[in-house]
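Subject: Structure for your files

Hello,

Here is the structure I said I would pass on. My notes on it follow below the entry.

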Amino acid sequence: MTAAERRAYAVAAVPGDGIGVDVTVEARTVLDAAAERHGFTLRWTEFDYSCERYARTGAMMPDDGVATLAAFDAILLGAVGFPGVPDHVSLWGLLIPLRRAFSQYVNLRPVRLLPGTTSVLAGRQAHELEMVIVRENSEGEYSTLGGRHNEGQPGEFALQEAVFTRTGVERVIRYAFELARTRSKRVCSATKSNGIIHTMPFWDEIFASVAAEYPDVEAESCHIDALAARMVQAPDRLDVVVASNLFGDILSDLAAAVTGGLGMAPSGNINPERTHPSMFEAVHGSAPDIAGQGIANPVAQVLTGAMLLDHLGEAEAATAVRAAVEKVLTEGRALTPDLGGSASTSEVGSALAEAL
Ligand code: NAD
Ligand code: IPM
Ligand code: MN
C-alpha cells in the first residue's frame, strides 16, 4: 500500500498534567502500532495545554485553543489538574470548556472486569461486572450560575444553581436507550427525586417519556444512594446506567473501582452528531500522588484510545487493541503496581505495542 492510499486521521494530543502525560505517550505508541498493522495513519499534533502552561502564561490554553482543536478528527486528552493551580481554575480553563464548546454531551464510560484481573468484590465473575455509565456531560450540577455573597461576613453564603434543560436531558437519555438496544436492553436511571425537588422529578419525567418509546428496553429509575449500594452488592443487575453530570461522575469512579480500578477505566466525551470533534480521556485524573514515578497504569488510556479508534471507524484496530490488553493482562508479566505487579508505565506500553 502506498502512503497516498493509507487512510489518515488528524488527532490532537493534549497530555495535560501529572500521569496524563505518562499514560498518553504510551497510548500513542499502542495506537500507532495498531494503525500501522491496520493500514491507516494517525497524524498527531501535540498541545501543551496544562497547569504548567497556566503557570507560564496565566492561561490553561490560548485564546484560539478551541478554534485550533476544532479542526481535528478527534482529541486524546491525558488529565487536567495539578497542585499549585486551584482545580476549579484548571478544569474550567480547559476540560469543561472543551466539552461544552464541542457539544460533547455524552460522557461514555464503559467498564468490565478484564481477564487476568480480579474484582475487589469477592467471588464476582467477569460476566457479572460489565456496565456502561452514560453521563450527561454539558449541563446539570456543573454550572457557573450562582455566586459568593457577603464575603467575610457572618452571613456569608455560596449559591450554586443546577441547570437541566429538556433538550439536554432528553438527548442523553435517548442515547442511553439506543445504546441499550445494542447491549442487554436494560437502562437504569440515577435519580434523587426524593430529596431534590425540582430538577430530579423533571429528569424522571423525561426518562419515563423516553422509556415509553422503547417498550423493548427494560427501564428503571433508581435513587442514586441505593444505586451506589447496588453497584457494590448486585452489580450484575446493572448494565446501561444513565445519570446527570455529577451523579455520573461519582458512579464512574465507583464502577471503575468494582471492576479493575481507576487504572483500567476508559472514557469518551462524545459529540454524537459529529459536528465537532469528540475527546477521549481516561476516567482517572492526573494522580499527583504517583505522578513522575513511572508507575501509572496506562491501560485505561490505551482502552480510551480504542474508543477513539472506534469513533474514527477503525473498529478492527480498536478490537485488536482490546485483544492486546487482554493478552498482556492474562499473561500477567507486565502489570503496574495497582494490579499487583512491578512493571513501569512504559514497560506495559511496550508490552501492549508488542502484543499487537
Ligand atoms: P485521580 O483519579 O487522579 O486519582 C485517584 C487515585 O487513583 C490516586 O490514588 C491515584 O494514584 C490513583 N490512580 C488514578 N489513575 C491511576 C492510574 N492510571 N494508575 C494507577 N493509579 C491511578 O483523582 P484525584 O486525586 O481526585 O484528582 C487528581 C487531579 O486530577 C485533580 O486535580 C482533579 O481535579 C483532576 N482530575 C482530572 C480529570 C480529568 O482531567 N479527566 C479526572 C479526574 C480528576
Ligand atoms: C472526570 C473528572 C472531571 C469531572 C473533573 C476533573 C472536573 O472528575 O472527568 O470524571 O467531574 O467531569
Ligand atoms: Mn470524575
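In which loop does Ser103 lie? Ser103 sits between helix 5 and strand 4 (106-112). Please keep in mind throughout that this is a predicted model.

Backbone

Ser103 has a positive phi, near 45 degrees, and is a residue other than glycine. Asn150 is not a glycine either, and its phi is positive at about 50 degrees. The loop that holds Asn150 runs between strand 6 (146-149) and strand 7 (157-160).

Domains

The protein chain splits into domain 1 (1-108 + 261-356) and domain 2 (119-259). To the contact between them, domain 1 gives 17 residues and domain 2 gives 21 residues. Between the C-alpha centres of domain 1 and domain 2 the distance is 24 Å.

Cavity

Searching the whole structure turned up one cavity of 30 Å³ or more. The space in the largest cavity comes to about 30 Å³. Its lining consists of Ile96, Arg99, Arg100, Asn137, Tyr142 and Asn245. Sorted by class, the lining of the largest cavity has two nonpolar, two polar and two charged residues. Helix 5 (residues 95-101) supplies three residues, the largest share of that lining.

Helix 1 and helix 12

The other item concerns a pair of helices. Helix 1 (residues 19-37) and helix 12 (residues 345-355) have axes that come within 9 Å and cross at roughly 10 degrees. Angles under 35 degrees count as roughly parallel, so helix 1 is roughly parallel to helix 12. On the helix 1 side, the residues that meet helix 12 are Asp22, Val23, Glu26, Thr29, Val30 and Ala33. Helix 12 meets them with Thr345, Ser346, Gly349, Ser350, Leu352 and Ala353. What classes do the residues of this contact of helix 1 with helix 12 fall into? Five are nonpolar, five are polar and two are charged.

That is what I have on this entry so far. A note on methods will come separately.

Regards

Note on methods:
Residues numbered from 1 in each chain as written. Chains lettered and ligands numbered in written order. Predicted model: local features only at pLDDT ≥ 70, side-chain atom pairs only at ≥ 80, totals over all residues. Heavy atoms only, no water. Axes fitted to C-alpha atoms, helices over the stretch in contact; angles between N-to-C directions. Helix = DSSP H or I, 4+ residues; strand = E, 2+ residues; numbered from the N terminus. Parallel < 35°, antiparallel > 145°, perpendicular 65-115°, else oblique. Contact = heavy atoms within 4.5 Å. Nonpolar A, V, L, I, M, F, W, Y, C, P; charged D, E, K, R; others polar. 1 Å grid on protein atoms, 1.4 Å probe; cavity = no way out; pocket = protein on both sides within 12 Å on 5 of 7 lines; lining within 4 Å. Points joined across faces, edges and corners; volume = space filled by probe spheres on them. Domains from an automatic or database assignment.
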